[in-house]
Amino acid sequence: MDEKKLREKLVKFIRRKIGDQQDVEDVVQDTMISILDSQFNFKGDSSLETWVLGIAKHEISDFYRRKKIKQIVFSRLPFLKELVSEALGPELAYQELETKKRILQTLKNLSEGYSKILRLKYIDELSMKEIGKKLDLTVKAVESRLTRARLAFQKIYVQETGKNWSFTDD
C-alpha cells in the first residue's frame with residue numbers, strides 16, 4: 001500500500017471517530033509518525049492494513065485521553081492555560097486574538113441588557129449575587145436573563161462566524 005492510499009484510508013477511519021477536521025489531521029499525522037517509528041515491529045502476523053488501523057486506534061485513544069486531561073487540569077488550574085498559551089507561540093496568540101475580536105463584535109450586536117449581563121459574568125467575573133446587587137435584580141432574575149443572553153449570543157455568534165459557541169461556568 002503506497003503512502004497516499006494509506007493516508008486516505010487513515011483519514012476516512014479517523015474521521016469516523018473524531019469530528020473536528022483539524023483534530024483528524026493531527027491524529028493522522030501522529031499515526032503516520034507512530035507507523036514510521038514502529039515499522040520494524042511489523043511481523044506480518046496480520047495484514048498491513050489491520051496493523052496500521054490498530055495503531056490509529058491507539059492514537060485516537062491517546063487523543064481523547066489528552067483532551068480529557070487538559071479539560072480536567074485547565075478547569076482546576078486555570079493559570080496553566082495561560083502558561084501553555086504563551087508557550088505555544090504566535091499562531092495560537094493570533095487565533096485567540098481573532099476569537100476575542102469575534103466575541104466583542106458579537107457582544108456589540110446584542111441588546112445593551114444582554115451585553116451588560118454577559119460582561120458582568122464573564123469579563124468582570126461577578127457572581128450571580130453580585131450581578132443582582134449591581135442591577136437591582138434577584139438571583140433568579142439574573143439567572144433567567146443570563147440564560148436568555150447566552151442563547152442570544154450563541155445565535156448571533158453562529159450566524160456571524162459559522163462556528164458553534166458554548167459558555168462554561170465554574
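Modeller: In this predicted model, helix α8 (residues 139-161) has buried residues, among them Val 142, Leu 146, Phe 153, Ile 156 and Tyr 157. Helices are DSSP runs of H or I with at least four residues, numbered from the N terminus. Local features need pLDDT of at least 70, side-chain atom pairs count only at pLDDT 80 or more, and totals for chains, interfaces and linings use all residues. Residues are numbered from 1 along each chain as its sequence is written, and side-chain values use heavy atoms, with hydrogens and water left out.

Biologist: Why is Thr 106 called buried?

Modeller: Buried means under 20% relative accessible area, with a 1.4 Å probe and protein chains only. Thr 106 has 0%, and is therefore buried. Thr 106 lies in helix α5 (residues 90-109) and touches Phe 153, Ile 156, Tyr 157 and Glu 160 (heavy atoms within 4.5 Å), not counting residues up to four places away in sequence.

Biologist: What makes α1 oblique to α2?

Modeller: The axes of α1 (residues 3-15) and α2 (residues 21-38) come within 9 Å and cross at roughly 130 degrees. Angles under 35 degrees count as roughly parallel, over 145 as roughly antiparallel, 65 to 115 as roughly perpendicular and the rest as oblique; α1 is therefore oblique to α2.

Methods
Axes are lines fitted to C-alpha atoms, for helices over the stretch in contact, and angles run from 0 to 180 degrees between N-to-C directions. Helices (H or I, at least four residues) and strands (E, at least two) are DSSP runs, numbered from the N terminus. Buried means under 20% relative accessible area, exposed over 50%, partly exposed in between (1.4 Å probe, protein chains only). The expected span of a helix is 1.5 Å times one less than its number of residues.
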